[in-house]
Amino acid sequence: MIRWAVRLVLLVVALLLVLGGPLPDVMAKAVPALSPLAVLSASIAHRGWYANLLWTAPALLVLVSALWKGRWFCRWICPLGTVISVPSQVSFRRRLLRKRINGTFFWFIVGASAAGLPLLLFLDPLSTFTRLGVLAGRNTDPWGWIAGALIPAVMLLALIQPQVWCTHLCPLGYFLETVRVRGARRRFQQGRRDVLRGLLLGVPAAFLVRRFAKATGNERPVMPPGAKGTDNFAATCERCYACVEICPTRVIRIRQRTAGIAEWYLPEMDFNTSYCEEFCNKCTQVCPTGALRPLTEEQKRMRKIGTARVIREQCLGWAEQKHCMLCDEFCPYNAVLVRKGKNDVPKPVVDPDVCRGCGACQNVCPVEGKAIVIDPTGLQGIAKEYTEVTGKQRRRRDRNGGRRN
């Protein structure tokens with residue numbers, strides 16, 4: 001009874017953190033940040049330590065305590081384990097899965113992380129639980145239901161075979177049990193096949209996906225601010241969707257399955273839906289794996305996540321000689337230059353040095369299909385501020401039709 005009371009209280013706390021209770025926004029990453037598996041995998045994929053001690057300390061504490069207590073975290077704290085325990089009480093008790101494959105999953109993730117792409121990291125139970133925030137959010141992303149299908153799937157499995165996720169499938173539970181000092185040698189001897197099988201599958205799978213199943217060209221996503229690069233972001237994002245849930249303008253959406261496997265269900269910027277607020281840095285504060293690095297408001301404001309591009313064949317000013325210039329009016333960074341055409345009709349030209357790729361121009365463009373779009377950057381950088389110098393450059397470019405001298 002004491003264990004169940006503790007588990008239920010901690011489940012309520014976890015739900016408040018994930019669904020958005022009366023707590024600071026940064027606490028949205030408190031649940032997924034508890035996972036030693038996420039810390040290990042992300043650190044290997046980043047090729048170094050990626051987070052400050054404040055946010056890695058809980059995961060390290062869980063790992064260190066497992067040296068003596070093994071899977072105590074699973075039995076007392078894990079919110080997904082508590083949820084699964086409910087259908088397990090009324091299970092049909094059939095042996096649906098006889099062989100434990102959680103060890104293969106764990107070593108597959110480790111091997112794939114070493115190859116730079118932690119495939120199957122989405123199986124981490126804490127990131128899986130965090131997806132409830134998107135499924136129950138204010139503006140539920142339809143693709144979130146596909147990415148979040150693991151929760152109802154394991155609950156259904158628990159109706160057939162009780163606790164099958166915890167005992168046979170969960171890679172985090174296997175990790176915590178494996179590091180337990182007592183009996184470690186015997187467990188390693190018994191699990192050598194898991195190690196070999198996982199590594200021999202994970203390493204080549206990650207290399208093949210990185211080599212042949214990546215999105216290219218226009219399929220590459222526009223990443224939220226704080227991403228190091230497209231490959232690194234796809235590799236280290238565990239699809240917990242804390243950034244999707246915390247975004248106040250709802251510009252961060254879940255990527256459709258239209259590109260390479262590495263980018264499936266990845267958070268991306270959808271500027272047809274909204275735009276990235278100039279002084280908002282919330283998404284960069286809640287990422288538990290460092291896929292989005294923490295940025296101050298000023299650092300985020302200067303972050304270049306893409307570059308606007310005018311499609312002249314569709315633009316009202318360029319193609320139809322009509323007055324519009326909504327893109328210039330709504331650009332918060334003065335990155336849209338004005339070129340005067342015949343009959344003094346203004347035409348938009350983008351200054352790529354000043355443009356941050358916030359998407360305000362694309363969002364307000366009245367043309368069906370959009371006459372101005374944001375192209376992603378392969379590696380995010382720092383944009384130039386609009387200063388007196390850039391103002392002189394703008395005036396020179398206006399006189400030259402938007403071209404540089």
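Student: Does C361 count as buried or exposed?
Tutor: This is a predicted model, in which local features need pLDDT of at least 70, side-chain atom pairs count only at pLDDT 80 or more, and totals for chains, interfaces and linings use all residues. Residues are numbered from 1 along each chain as its sequence is written, and side-chain values use heavy atoms, with hydrogens and water left out. Relative accessible area under 20% means buried, over 50% exposed, and in between partly exposed (1.4 Å probe, protein chains only). C361 has 8% relative accessibility, so this cysteine counts as buried.

Student: How many disulfides are there?
Tutor: A disulfide is a covalent bond between the sulfur atoms of two cysteines. Here the test is a pair of cysteine sulfur atoms within 2.5 Å. By this rule the count of disulfides is 0.

Student: How far from C355 is the nearest cysteine sulfur?
Tutor: With the disulfide count at 0, C355 is in no disulfide. Its nearest cysteine sulfur belongs to C361, at a distance of 6.1 Å.

Student: What is the relative accessible area of C355?
Tutor: C355 is on the buried side of the cut-off. The value for C355 is 7%.

Student: How many salt bridges does the model hold?
Tutor: The rule asks for a side-chain nitrogen of Lys or Arg within 4 Å of a carboxyl oxygen of Asp or Glu. By this rule the number of salt bridges is 8.

Student: Which helix holds both D194 and R197?
Tutor: The side chains of D194 and R197 form a salt bridge, N to O 3.1 Å. The two residues are 3 residues apart, about one turn of the helix. Helices here are DSSP runs (H or I, at least four residues), strands are E runs of at least two, and both are numbered from the N terminus. D194 and R197 both lie in residues 192–212, helix α14.

Student: How many residues apart in sequence are R255 and E268?
Tutor: R255 and E268 form a salt bridge, with the closest N and O atoms 2.6 Å apart. R255 is in the loop between β1 (252–254) and β2 (267–269), and E268 is in strand β2, so the pair ties together parts whose separation in sequence is 13 residues.

Student: What is the relative accessibility of R255?
Tutor: E268 counts as buried, at 17% relative accessibility. R255 also counts as buried. The value for R255 is 5%.

Student: Which helix does R301 bring into its link with E278?
Tutor: The side chains of E278 and R301 meet in a salt bridge, 2.5 Å from N to O. This pair links distant parts of the chain, 23 residues apart. E278 is in the loop between β2 and α17 (282–285), while R301 is in residues 297–301, helix α18.

Student: Which residues are linked with R301 in a network of salt bridges?
Tutor: R301 is buried, with a relative accessible area of 12%. Contact means heavy atoms within 4.5 Å. Leaving aside neighbours within four places in sequence, R301 contacts E278, F279, Y333, R356 and E385. The salt-bridge network links R301 with E278 and E298.

Student: How many aromatic pairs are there?
Tutor: Rings of Phe, Tyr and Trp (its six-membered ring) pair if their centres lie within 6.5 Å. Planes under 30 degrees apart count as stacked, over 60 as edge-to-face, and the rest as tilted. The number of aromatic pairs is 4.

Student: What angle do the planes of F106 and W107 make?
Tutor: The ring centres of F106 and W107 are 5.0 Å apart. The pair is edge-to-face because the planes are at 80 degrees.

Student: Which helix holds Y174, the partner of F106?
Tutor: F106 and Y174 form a tilted pair, 5.6 Å centre to centre and 45 degrees between the planes. F106 lies in helix α6 (residues 102–114), so the pair ties together parts 68 residues apart in sequence. Y174 is in residues 171–178, helix α12.

Student: Over which ring does the charged end of R7 sit?
Tutor: The test needs NZ of Lys or CZ of Arg within 6 Å of the ring centre and within 35 degrees of the ring normal. The charged end of R7 is 5.6 Å from the centre of the ring of W4.
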